[in-house]
Amino acid sequence: MERASRFRRLFRLDRGAADVEGEVAAELEFHLDMSARELAARGMSPTEARREAARRFGDVDDTRRELTALGRARAVSERRARRGAAIMQDVRYAVRGLRRKPGFTLGVVLTLGLGIGANATMFGIVDRLLFRPPAFLERPDEVNRVYFVRTFDGTARSTSNTSYRRYQDLRADLRAFSDIAGFWRTDLAVGLGDDAREMQVATVSPEFWEIFAARPVRGRFFGAAEDVPPAGSPVAVIGYEFWQAELGGGEVLDTQIRIGRRDYTIVGIAPKGFAALWMTPAAAYIPLTAGGAELGGGELDLATEYGFSWMEILVRRKRGVSAESASAELTRAYLSSYESQRVAQPPQPPTEQVRPRALATSVLRERGPNQTTVAKVAVWLIGVSLIVLIIACANVGNLLLARALGRRREIAVRLALGVSRGRLLGQLFLESMLLALLGGAAGLLLAQWGGELIRASLLPDAGWSDPVFDPRVLGITALAAVAAGLVAGLAPVLQARRVDLSAALKAGAREGTYQRSRTRMALLVVQCALSVVLLVGAGLFVRSFRNVHDVRLGFDPEQVLYVSTQMRGEELADDRMDQLKERLREGAAALPGVETASRTLTVPFFQSVDVSLFVPGIDSVDRLGIFTMQAGSPTYFATMGTRVLRGRPIADTDRRGAPLAMVVSASMARTLWPGGEAIGRCVKVGSDTMPCAEVVGIAEDVKRESLTDDAGLLYYLSMAQYPPGAGGLFVRTRGPAAEQAEAVRRGLQGLMPGGSYVNVTPMDDFVAPNMRSWQLGATMFTAFGLLALLVAAVGLYSVIAYNVSQRRHELSVRVALGARTGDIVRLVLRDALRLAVVAVALGTAMVLYASRWVEPLLFGTSARDPLILAAIGAGLLLVAALASFVPALRASRVHPAVALRAD
Amino acid sequence: MPRDDLELVQGTLDLLVLKALTFGPMHGYAVARWVAQATDADLQVEEGALYTSLHRMEKRGWIEAEWGLSDNNRKAKYYQLTTPGRRQLRAEAERWTRYARAVFKVLEAA
């Protein structure tokens, strides 16, 4: 009996289905044959013997079927196990290979991680701003925020703010909506005495609860009967987080809690994580009318007053109603309401001039008509992070390619030994995917940390409480990682396909001819060009940010504090209130860290008041623009740092009973009396029958609400000549205002009666958010740009080093023939600089092409600024020179004998 | 010739096949002949079941198979014991013996 070779088992090839059947048939055939033979030997005829043998066997067909099925099942499981083993083997091989070159692996993983991490971060942020619908909202596409559009001096202005009266008008008139809710959120003092703190309190109408699919954890939400003007019922729903953190999470239903000026009865607790339309959960929810009364201060009649715009409207459309028809119906109702307003509270500009319109827009504020620049910049930054990812992939592709070139001989040997090309390619791919997955994991970590950083430093108003990640961001990250792996892995795979076995295996296979890898050069040029683009962007945004920062505001925000009083139920008559505020002003001025203090009525970038003005000789002052009122003490201009250009500031002599005095801003003077003298003119404030206020001085322009386009129409009255008891204080500190805030607060708190208190805010807190978009752009573009440059520099270094190593032979010949170090270095440098020049040209072209889209995001600088382009171009050339210097130097130092020796 | 064939309990067939293979690699027909001969033809193995048993045990790794050449130069599938197979044989034999002894003891008790 011979044995089959054991060696064959090592290379057992896949058994197909036909094989199994054949083998089983052969085995059974052998048996029956042997059996028949034996029977024939005992005397039977061959046919009879055959028949008997079959009979003795049993059911041959049945057995054959059973064995075949068994065999097939076995083949399948064997195949699967083999494939699994092959994959495991490949994975182990890949891991081993990566471990052997820790520098390479680390470089690739880090590069990919940075690219993927950047994308994950930006996507997470943009997702929050633009895409993710609020939680607890069923069918979010049916829900809209309402915006009102009015035309003033030719420009249409949209706002989501409106009055309670308007809300009532609309609610009575509209048919296309299943729910129309009013809402607002503000800071109110919650709690009593020492526990009192300002917290975010939402004020909502009962329909608000209908729109959100939230169920109270305890108790109930308030209903329509509790939301009736003038001030609603004192019931409140408190937030889950507030309940746990501040109230201990115990039994609180039917207990009282002080919110603002009233005591409210707690009737329910909102579910965990319920933040409605905002980023963080509110501490409490009170009825809309209660909130309106709180904010209106009791002098306002919510049910009739059109002019007090303090709330917003949220609607849910009925099934089948489109947003367009909803907008149309809203407009109709708004028009009708505006007509009622013109009748009830004249004077209002005519309807044809104002052209009121209403829009039903996205619930997300950043997708409505008043999208802030922050959102726009964030979207741009996604493009930027994609560019960084492309650069990272290009770089990784380069590195992988270089490695593949180095392994050419190994690949050739393996192919010669019989590994199928498919398996080899699969394995190379696996390596790239493994690196990409590691890169993805690194990217997630970086994004988590980076996201926190960005949130904390650049978008603090957003205040997200939960992590930036959710399944969508993770999905995008995974997608990016896979895409990166595919793209980066393509290069070496394509390279491996073209391996010429004989050439690679030849002994002494050093590359005799200088093979410039064209793919690698192209990749490198693209990388550098993209880096140029990013860095130019960074330069533009940095300059914009600096310009914005340098904008003359007309006052000194770093040194001014705004002090406001929160009376909390302490009712004082107007003149007593006035005395209190004067006392506060004197008290503030007496504090050690304070230079001067002044009363103030309005606050730039925060609160404004505008009333109608009447000027003899001018038909309609309102047509010329919106004039903001300000009133202050004689120390006002000194406190704010606003220069008085001509005439005099408000003085002590402008007392009650004395002739009314007014200081106007330079723009206002120009607008009302162009070319003429403003000082001495007469202005009537409020109505035509009021006494004249004489213009006594002209002050420099002050930015009231926007850094970029502000008409600056502002006028100043004497606080002593204004109805008593209004406004707050401006306090000018020695040194930075933010540092003195607490000291000032403590100093003034002692002067406040009863449970009332003072709020002290540095002016910078009101101004800074307006610069945020440029700050975000500047920071991120710079960070990404430098990142891209670093990655490109590393790529440049590796490519030059590779090229130099290829040319070792040639360069050594040169050295042997008498070339000096300097000559060799110059030779290598020339190559590198040629590459860099092409990259700069390409990058500049891309910048010029994209400039028209970037232009609106900038401030004070053109997108095609030649200085920045030149600076960045020169920078890249310098980096290229530096990156190629080391390999060049090393190439010139190699001993000719070493390099010229045969491999 | 139909006889009083003692029906084999499932599992006992496996035991017999394994034992047969301790005498060296055999093809399926040889195993059948060996069992018949060793039991003095008391046990008649159903040949279909024999092959099923052989294939099952091959799948479980107790025996391994190779194609080889028979005495008369015909291609035949040869089976032989593996190390786990030997272990299995020892364990099964011991268990079967104990089982038989126990039954025997019961039957002997007059």
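## Salt bridges and a chain interface in a predicted model

A:Arg261 is partly exposed, with a relative accessible area of 31%, where buried stands for under 20%, exposed for over 50% and partly exposed for what lies in between (1.4 Å probe, protein chains only). This is a predicted model, in which local features need pLDDT of at least 70 and side-chain atom pairs count only at pLDDT 80 or more, while totals for chains, interfaces and linings use all residues. Residues are numbered from 1 along each chain as its sequence is written, chains are lettered from A and ligands numbered from 1 in the order in which they are written, and side-chain values use heavy atoms, with hydrogens and water left out.

**Chain A as a whole**

The secondary structure of chain A consists of 27 helices and 22 strands, these being DSSP runs numbered from the N terminus (helices H or I with at least four residues, strands E with at least two). Of the 903 residues in chain A, 48% are buried. Among contacts in chain A with a separation of 6 or more, 80% are between residues 24 or more positions apart, a contact being heavy atoms within 4.5 Å. The accessible surface of chain A amounts to about 42,100 Å², and carbon and sulfur atoms hold 58% of that area; such areas come from the Shrake-Rupley method with a 1.4 Å probe, and for residues only the protein chains shown count as cover.

One feature of the surface is a nonpolar patch formed by A:Leu446, A:Trp449 and A:Leu453, with about 320 Å² of accessible area together. Patches take residues with over 30% relative accessible area and no salt bridge, joining like charges within 9 Å and nonpolar side chains (Val, Leu, Ile, Met, Phe, Trp, Tyr) within 5 Å. A:Leu446 belongs to helix α14 (residues 421-458) of chain A.

**Salt bridges**

Over all chains the count comes to 47 salt bridges, each being a side-chain nitrogen of Lys or Arg within 4 Å of a carboxyl oxygen of Asp or Glu. In one of them the side chains of A:Arg261 and A:Glu294 meet at 3.9 Å, N to O. A:Arg261 lies in the loop between β7 (256-259) and β8 (262-269) of chain A, and A:Glu294 in helix α9 (residues 288-296), so the pair ties together parts that are 33 residues apart in sequence. A:Glu294 counts as buried, at 12% relative accessibility.

A:Arg599 takes part in a salt bridge with A:Asp578, with the closest N and O atoms 3.1 Å apart. Because A:Arg599 lies in strand β13 (residues 594-600) of chain A and A:Asp578 in helix α18 (residues 574-590) of chain A, the pair ties together parts that are 21 residues apart in sequence. A:Arg599 and A:Asp578 are both buried. The side chain of A:Arg599 also meets that of A:Glu582 in a salt bridge of 3.0 Å, N to O, which links helix α18 of chain A, where A:Glu582 lies, to strand β13 of chain A, across 17 residues. A:Glu582 is partly exposed, with a relative accessible area of 24%, whereas A:Arg599 is buried, at 1%. Elsewhere, salt bridges that share partners join A:Glu29, A:Asp33, A:Arg37, A:Arg50 and B:Arg74 into one network.

| Salt-bridge pair | N to O distance |
|---|---|
| A:Arg261 and A:Glu294 | 3.9 Å |
| A:Arg599 and A:Asp578 | 3.1 Å |
| A:Glu582 and A:Arg599 | 3.0 Å |
| B:Arg56 and A:Glu66 | 3.3 Å |

The size of an interface is often given as the accessible area lost when the parts come together. Between chain A and chain B the buried area is about 2,900 Å², and carbon and sulfur atoms give 51% of it; this is the accessible area (1.4 Å probe) that two parts lose on being put together, summed over both. The contact involves 27 residues from chain A and 32 residues from chain B. The count between chain A and chain B is four salt bridges, and 11 residue pairs across the interface are in polar contact, both at pLDDT 80 or more. On the side of chain A that touches chain B, α2 (17-41), α3 (46-57) and α4 (60-100) of chain A each supply at least two residues, and α2(A) gives the largest share, 12 residues.

A polar contact is a pair of N or O atoms within 3.5 Å; within protein, one must be able to donate a hydrogen and the other to accept it, and residues adjacent in sequence count only if both atoms are side-chain atoms. One polar contact, of 3.1 Å, joins the side chains of B:Glu58 and A:Arg74. B:Glu58 is placed in helix α3 (residues 47-60) of chain B and counts as buried, at 10% relative accessibility. Leaving aside its neighbours within four places in sequence, B:Glu58 is in contact with A:Arg74, B:Ile63, B:Ala65, B:Lys77 and B:Tyr79.
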